[in-house]
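Please open the model in a viewer and keep the sequence panel at hand.

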Amino acid sequence: MTPARVEPPLAFLAELTHRCPLQCPYCSNPLELVGGRAELSTAEWITVFEDAARLGVMQVHLSGGEPTARRDLVGLVRAAEQAGLYTNLITSGVLLDRRKIDDLAAAGLRHIQLSIQDADPAEADRIAAYPQAHLKKLAVAREIRSAGLALTLNVVVHRRNLPRLDGIIDIAVDLGAERLEVAHAQYHGWALINRAALMPSQDQVQSAVATIAAAARRLHGRMQIDHVVPDYHARRPKACMGGWGRRFFVIAPDGAMLPCHAATSIPGMSFPNVRTTALKAAWDDSAAFTAFRGTAWMAEPCRSCEFRDVDFGGCRCQALTLAGHAAATDPVCDRSPLHDKLQALVEREVASGTSSLQLRRPKPSSRASDRSREYGLVTLID
Amino acid sequence: MSIEGSSKPRLADSATLRWDKVRDKWVLQSPERLFFPDDVAVSVISLCDGQRTLQSITDELAREFDAPATAIYDDTVELLKGLAAEGVIVHDAGPR
């Protein structure tokens, strides 16, 4: 059994706000969004950046919600850079203009990750629930490149937009993106309640793998394409966040420090808050960060598995959602007793053909924590 | 697109090479990528300025390390191919 050796974290996600003008139905924010009044102040964020750099963090991903909804964003970028962090802005772009982009570049911003929703403008605007979002994003992407900033184009893919993957790749090339990130929807929070409408078929996933491999060969040395087979379609789980409490953490808008952005879905777990706990103490010793760190917490089949130090048992939030408890083996793994049921669930949801989506709203339509139990394998089938 | 003697490799716009004080190591980073290059790799990367050709980079390294130019060339191509596959080195006349 590997002892839980605490290494310094490499990077963190700063969710500066949960406010966002878009309403994408696969948003990675939790169903219970943090309100604007509870957000950390400018000074509190600056302290987080300084403490994180001291702890050994090298990168901060400034995210949201929509981080450009924070009026103090330029100052926050400058402070993070001055603290010695590499700064990456994760944005929808719809609130950006050339002046703001130039200000961010002058403040030291290294990179922007801009999302698009689809290659088809009408469908993209429907998913974002924001008129002219797609056109606006393309214009902003061009401004980002002409301001000399590095650009990654990010697209969340799912059953509805995968048929247009070629068109998405063409857009990324046309915009001069350095990197294209093709990210499958991850079924936590908002994406979980919309899972049946988003779930791609095995054929779609295999076709995406082939399309991307061909494009990556064609574009070698020009544009990088990142894509991984989505969890539900894989045979081995991924080391979620590089392993719990091992590489990465998240600071929520209200200062809660989380091992991953979905961790608040785990019942009975309390999280340290940067307003009351020093970052280093929270990382090294808090109950939340030590709960699933290393391999000592594992039960079989993970405990004796030769991959336990590779994938760390997969995703804890997914284990909770699908298997009913967070310490279970991730059912994505074909060594999990629930793996076959997961494959059946994928087929059933694809066959449902449903297109009904619940867009992200300040409040979900019914009690989220109760509803999300309906989406597991245990309650669904047993 | 393969890398050859006339290619002019450079760091991608998003990539930064810097000394990390906490770990006492060089770190090459871009979003989603972190590498800890050894001293030889740092020498190579430092010469990838988008002006020098691969040939002139390896000639310079061969002089610096007093080593056979062909061996240096092959090792450098191997390293740069790997970094290009990760998107941290680019070697065409793409937009800057």
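Display both chains and colour them separately: the area buried between chain B and chain A is about 2,200 Å², and carbon and sulfur atoms contribute 48% of it. Buried area here is the accessible area (1.4 Å probe) that two parts lose on being put together, summed over both. The model is a predicted one, in which local features need pLDDT of at least 70, side-chain atom pairs count only at pLDDT 80 or more, and totals for chains, interfaces and linings use all residues. Residues are numbered from 1 along each chain as its sequence is written, chains are lettered from A and ligands numbered from 1 in the order in which they are written, and side-chain values use heavy atoms, with hydrogens and water left out.

**The interface**

Select the residues in contact (heavy atoms within 4.5 Å): 26 residues of chain B meet 28 residues of chain A. Two salt bridges cross this interface, a salt bridge being a side-chain nitrogen of Lys or Arg within 4 Å of a carboxyl oxygen of Asp or Glu. Centre the view on A:D226 and B:R33, whose side chains form a salt bridge at 2.6 Å, N to O.

On the chain B side, β2 (16-20), β3 (25-30), β4 (33-35) and α3 (69-85) each supply at least two of the residues that touch chain A. Helices (H or I, at least four residues) and strands (E, at least two) are DSSP runs, numbered from the N terminus. Colouring that side by class gives eleven nonpolar, six polar and nine charged residues; Ala, Val, Leu, Ile, Met, Phe, Trp, Tyr, Cys and Pro count as nonpolar, Asp, Glu, Lys and Arg as charged, and the others, Gly among them, as polar.

**The sheet of chain B**

Next, show chain B as a cartoon. Five bridges join β2(B) to β3(B) in the antiparallel sense; select B:D20 to find it opposite B:K25 in β3(B).

**The sheet of chain A**

Turn to chain A, where nine strands form an open sheet of mixed pairing in the order β7-β6-β5-β4-β3-β2-β1-β8-β9. The edges are β7 (224-227) and β9 (257-258) of chain A. Within this sheet of chain A, β1 (residues 11-15) and β8 (residues 248-251) pair in the parallel sense over four bridges, and A:L13 stands opposite A:V250 in β8(A).

**Backbone details in chain A**

Most residues other than glycine have a negative phi, and most peptide bonds are trans. Which sense does the peptide bond from A:G64 to A:G65 take, cis or trans? That bond is cis, with omega near 5 degrees, and A:G65 belongs to the loop between β2 (59-63) and α2 (73-82) of chain A. The bond from A:E300 to A:P301 is also cis, with omega near 5 degrees; A:P301 is in the loop between α11 (287-290) and α12 (308-311) of chain A. Finally, select A:A129, a non-glycine residue with a positive phi of about 55 degrees, in the loop between α4 (121-128) and α5 (133-146) of chain A.

Methods: Pairing = 2+ DSSP bridges.
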